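Work through the exercises below with the sequence and the model side by side. Each task is followed by a solution that goes step by step.

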Amino acid sequence: MVTDSRQFGDVVSFDIVSRNSTSLRPFASFVGFNNYGETVLLGMALMYDATGESFQWLLETFMRAMSGGAPRTFFSRQDAVVAKAISFVMPETRHAICTWHLKQAAKKKLSHLINGNCNYMKEFKACINDYEEEIEFFASWEAMISKYNLHGNVWLQEVFEEKEKWARPYMKQTFSAGMKNTQLNERLHSDVLDYLRSDVDINFLLKHLQKVINDIRYRELEVEFSLRLKLPGFKIRAPILRQASEAYTDMIFQLFQEEYEEFQSAYIVNRDESGPCREYIVAIIEKEKRYKVFGNPSEQSVSCSCRKFETLGFLCSHALKILDTMDIKYLPDTYLLKRWTKHGRCLTAPHVEGRKKEQWTILAAQEQREQRRKVIKGCVLQKKKKVQPEEPATQYTVWDAPTQPGNVLLQGIDLSQPFPMGQMNYEENQEYGQFAFRSFCEKENVHLTVLPEH
């Protein structure tokens with residue numbers, strides 16, 4: 001997970017299941033996705049409670065386990081307690097609110113409008129998705145509030161105060177890699193829900209979590225292998241598309257190719273080429289929206305007001321139009337974001353501050369190559385049964401969390417199949433918690449090492 005965090009931890013989705021349930025253990029997860037669009041599991045935790053101190057502990061522990069590197073963007077539900085912990089632990093990280101949960105909350109909070117024959121939800125969704133400019137957003141929000149007489153609604157006031165975390169005019173300034181919600185967490189939670197019951201032995205939960213992690217890893221390798229055998233489908237033969245097909249994964253190449261197709265319908269409405277940094281107004285045929293694009297041929301740079309590159313990580317049709325106008329026929333390296341390339345997964349182990357190199361007893365590169373070799377062998381032979389690579393003994397590091405009694409933190413340092421870190425709190429005492437983990441480790445041939453804090 002440390003390796004995954006360094007490569008694909010720029011955008012993280014966080015969610016917790018069963019916060020209001022007494023029959024399920026409160027389970028939290030940190031999730032992202034890789035260069036192929038597949039789920040990447042960055043961390044998991046069992047929470048004792050949902051207080052601000054617990055969330056602060058969890059985020060600090062997550063940061064520590066991930067070598068101290070904070071994500072650029074952090075998605076979560078609308079929650080004042082979580083938001084406060086994020087701002088305290090990750091002050092430089094942009095906090096974004098899951099828009100799907102925001103829409104679900106709107107249906108519950110204003111159910112009297114949903115049941116009536118009105119377009120409230122349609123207008124609320126439009127405020128989230130449709131308006132790119134701040135002036136348009138303000139006008140539409142105020143019109144909706146006035147139309148349905150919602151000036152005194154406290155929840156809507158709180159939502160509007162956090163508009164920078166969900167409204168499009170503000171979110172287009174934020175790198176999201178295409179993430180808009182916490183649906184990746186929901187999928188993971190559905191896989192482990194049956195094992196979160198309080199009457200299920202903790203050992204069964206841990207074994208099932210390991211299986212879930214293995215399945216995620218296996219799916220990732222299957223997708224990567226199948227796409228490497230697949231030739232890109234060119235709709236237009238062009239040097240920039242050939243370059244993109246060689247660099248990007250198939251998912252991003254298809255999205256980029258759609259932008260290139262739209263670029264064929266782009267035209268320049270107005271231009272100012274008097275200075276070194278040129279200014280253009282670009283539009284698309286049969287579309288009313290116009291975009292301001294700046295281009296510098298000497299620096300081979302381009303910037304569009306739609307902010308697609310800054311948000312998603314690949315150039316838009318408007319920027320491609322200006323690159324072509326400046327006679328730049330290949331993508332400058334600046335616009336080939338490494339996280340979207342076929343070689344986005346680096347096989348070198350990250351340097352972890354405060355930990356000695358000799359403590360890394362597993363070489364990530366060798367294990368990943370061996371795992372890939374076995375998966376490829378299984379795909380070539382077309383085995384009906386899923387290949388289960390033989391796993392070496394895994395080493396874990398255990399720290400005792402000082403903030404609350406009973407907290408046990410597990411952080412895996414097997415970089416190819418890492419185990420989740422987490423805050424393991426429950427009604428029993430700390431000795432029982434450690435016994436449960438040691439019991440699990442003995443059965444699974446796992447070595448435990450207790451390390452002092454540095």
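**Exercise 1: Helix pairs**

Helix α4 passes α6 in a right-handed crossing, where right-handed means that the near helix is turned clockwise from the far one by less than a right angle, and left-handed that it is turned anticlockwise. The model is a predicted one, in which local features need pLDDT of at least 70 and side-chain atom pairs count only at pLDDT 80 or more, while totals for chains, interfaces and linings use all residues. Residues are numbered from 1 along each chain as its sequence is written, and side-chain values use heavy atoms, with hydrogens and water left out.

Task: state how the axes of α4 and α6 are arranged, and then do likewise for α12 and α13.

Solution. Begin with α4 (residues 99-109), whose axis comes within 11 Å of that of α6 and crosses it at roughly 155°; helices here are DSSP runs of H or I with at least four residues, strands are runs of E with at least two, and both are numbered from the N terminus. The axes are lines fitted to C-alpha atoms, for helices over the stretch in contact, and the angles run from 0 to 180 degrees between N-to-C directions. Next, apply the angle classes, in which under 35 degrees is roughly parallel, over 145 roughly antiparallel, 65 to 115 roughly perpendicular and the rest oblique. The angle therefore makes α4 roughly antiparallel to α6.

For the second pair, α12 (residues 239-247) and α13 (residues 250-263) pack at about 165° with their axes 10 Å apart, so they are roughly antiparallel to each other. The crossing of α12 past α13 is right-handed.

**Exercise 2: Salt bridges**

Then classify the exposure, where buried means under 20% relative accessible area, exposed over 50%, and partly exposed in between, with a 1.4 Å probe and protein chains only. K289 is partly exposed because its relative accessible area is 30%, and E133 is partly exposed at 33%.

For comparison, the side chains of D199 and R197 meet at 3.2 Å, N to O; D199 is exposed at 61%, while R197 is partly exposed at 38%. Salt bridges that share partners also join D15, R77 and E186 into one network.

**Exercise 3: A surface patch**

Task: which residues form a nonpolar patch on the surface with about 250 Å² of accessible area together?

Solution. Patches are made of residues with over 30% relative accessible area and no salt bridge, like charges being joined within 9 Å and nonpolar side chains (Val, Leu, Ile, Met, Phe, Trp, Tyr) within 5 Å. Accessible areas come from the Shrake-Rupley method with a 1.4 Å probe, and for residues only the protein chains shown count as cover. The patch consists of Y267, V269 and I285. V269 belongs to strand β6 (residues 266-272), and its relative accessibility of 32% makes it partly exposed.

Methods: A salt bridge is a side-chain nitrogen of Lys or Arg within 4 Å of a carboxyl oxygen of Asp or Glu.
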